[in-house]
Amino acid sequence: MIKRDVTYSELNKYCWTEDNRLQVVQPYEGQINPGEPSFYYHSDHLGSASFLTDRDGYETQQLVYLPFGEDWVDMKYNTSQYDTPYKFNGKEKDEETGYNYYGARYYYDWASIWLSVDPLSDKYPHLTSYNYCANNPVMLIDPDGREIGDPLKNMKVRRLSLSHTFGLVRRYSDGSPKNHQGVDYHASPGTDVYAAFTGLVKQVNNEDKGDYGKFIVIQHYNSEGKPKVDDNGNYEFSFYAHLSKINVKEGENVTENETIIGETGNTGNAKNLKGEDQHLHFEIREKETLGRGLKGRKDPNAYVDTKFEIDKDNNKKVNMLKLEE
Ligand SMILES: [Zn+2]
C-alpha cells in the first residue's frame with residue numbers, strides 16, 4: 001500500500017507492509033520516477049528503524065537505540081539527504097522537541113516516560129502513571145500510546161499452542177500451510193467476556209450459525225471519542241466469536257476492561273470442542289466484516305494487555321506474559 005503524507009513540507013511516499021514502513025520515495029522538483037531517490041527501512045523486532053539503505057543496497061543511515069528508545073547512534077553515510085523522522089518503534093520523533101508521537105500520547109525517550117498520565121493508571125498502582133510499557137521496553141511495544149485491555153480475566157492461549165495463535169500457524173491434512181485469523185483464548189463456556197477496547201458495538205449476531213456462531217464486533221474509539229484511525233487510515237475493530245450469551249446491542253457504547261459484553265461458549269464450528277479446547281476466538285480487524293484469510297486482520301497479540309511469547313525451549317508452544325506482574 002502506498003500512503004502519501006506531508007513531512008517537513010516535502011511530499012514523501014511511503015510503502016508499507018502491515019504496520020511496517022518499508023520504503024520512502026523522496027521526489028524532488030523536476031525529477032520523476034525512476035530517478036527519485038528512495039530509501040529502504042530495515043526494522044528490528046520492535047519496529048524500530050535500524051538501517052536505511054538506498055536503491056542500490058548501500059547503507060545510508062544507521063540508528064541504534066538505548067533500551068528505552070533514546071538515540072545512541074545516528075550515523076549517515078554516502079551523503080544521504082534523507083534523515084528519517086521515524087525512529088524508535090517506527091514512531092515519528094519530533095525534530096524540535098525530541099518527543100515521540102504515539103497517537104494518544106507523546107513519549108519522551110530521554111527520560112523514559114510518557115508526557116501525560118496513563119488514563120488507566122489505577123490498574124497499575126505499583127508503577128508510576130507515566131511508565132512506558134511496564135518498564136519492559138525490550139520485549140513490549142505500545143502501539144498507540146493508550147493502555148489496552150483483555151477480553152478475558154484469565155488470558156491463556158488454547159493449549160498454549162502456537163497453532164492457536166494468529167497467522168499461517170496451522171496445516172491442512174496434505175501438509176500445506178493454513179491460516180488462523182485470530183487468537184483462541186481458552187475459556188470454559190459461561191466465562192465473562194469483557195470489551196478489550198473502548199468503543200461502539202457495530203454488529204451482534206445472536207444466532208448460532210456459520211463458523212463463528214454468536215459473535216460481537218466492536219469498533220474502537222480514541223480518547224477524544226472518535227473512531228480510531230491508524231497510520232494507514234484504517235479503522236480498528238475487535239471481534240469476539242463462539243459466544244453463548246450476548247449482553248450488548250448494536251449502537252451501544254462499551255468501555256475497555258469494564259463492560260461485560262457476553263459469555264464464552266461453543267457456538268459455530270466450536271460446537272463439539274471439549275475441555276482445554278473450549279475457547280473465545282478473538283480478532284483485530286480493519287473492517288467490520290471480512291472474507292476469509294489474513295488480509296485486513298492483525299495479530300491480536302500486539303493489541304491486548306496479556307501477551308504471549310514463543311517458548312524458547314519448544315517453539316510450538318507459547319508462554320503467557322502478564323504486564324501487571
Ligand atoms: Zn479461532
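Reader: Which residues have the most contacts inside the largest nonpolar core?

Author: This is a predicted model: local features need pLDDT of at least 70, side-chain atom pairs count only at pLDDT 80 or more, and totals for chains, interfaces and linings use all residues. Residues are numbered from 1 along each chain as its sequence is written. A nonpolar core is a set of buried Ala, Val, Leu, Ile, Met, Phe, Trp, Tyr and Cys residues joined through C-beta atoms within 7 Å. The largest one has 33 residues, and those with the most contacts inside it are Tyr185, Ile216, Ile218 and Tyr240.

Reader: Which strand gives the most to this core?

Author: Strands here are DSSP runs (E, at least two residues), numbered from the N terminus; helices are H or I runs of at least four. Among those that each supply at least two core residues are β14 (183–186), β17 (214–220) and β21 (279–285). With five residues, the top contributor is β18.

Reader: How many helices and how many strands are in the chain?

Author: The chain has 325 residues, and 30% of them count as buried. Buried means 20 or more other C-beta atoms within 10 Å of a residue's own; exposed means 12 or fewer, partly exposed in between, with C-beta atoms placed from the backbone. The tally is zero helices and 24 strands.

Reader: Which residue takes a positive phi in the hairpin of β12 and β13?

Author: β12 (residues 167–171) and β13 (residues 177–180) pair in the antiparallel sense over three bridges. Arg171 has Pro177 as its bridge partner in β13. Five residues lie between the strands, and the one with phi near 95 degrees is Gly175.

Reader: Is Arg158 buried or exposed?

Author: Arg158 lies in the loop between β11 and β12. Contacts are C-beta atoms, placed from the backbone, within 7 Å. Not counting residues up to four places away in sequence, Arg158 touches His164, Asp184, Tyr185, His186, Asp277 and His279. Because Arg158 has 21 C-beta neighbours inside 10 Å, it counts as buried.

Conventions:
Two strands pair if DSSP finds at least two bridges between them. Two residues are in contact if their C-beta atoms, placed from the backbone, lie within 7 Å.
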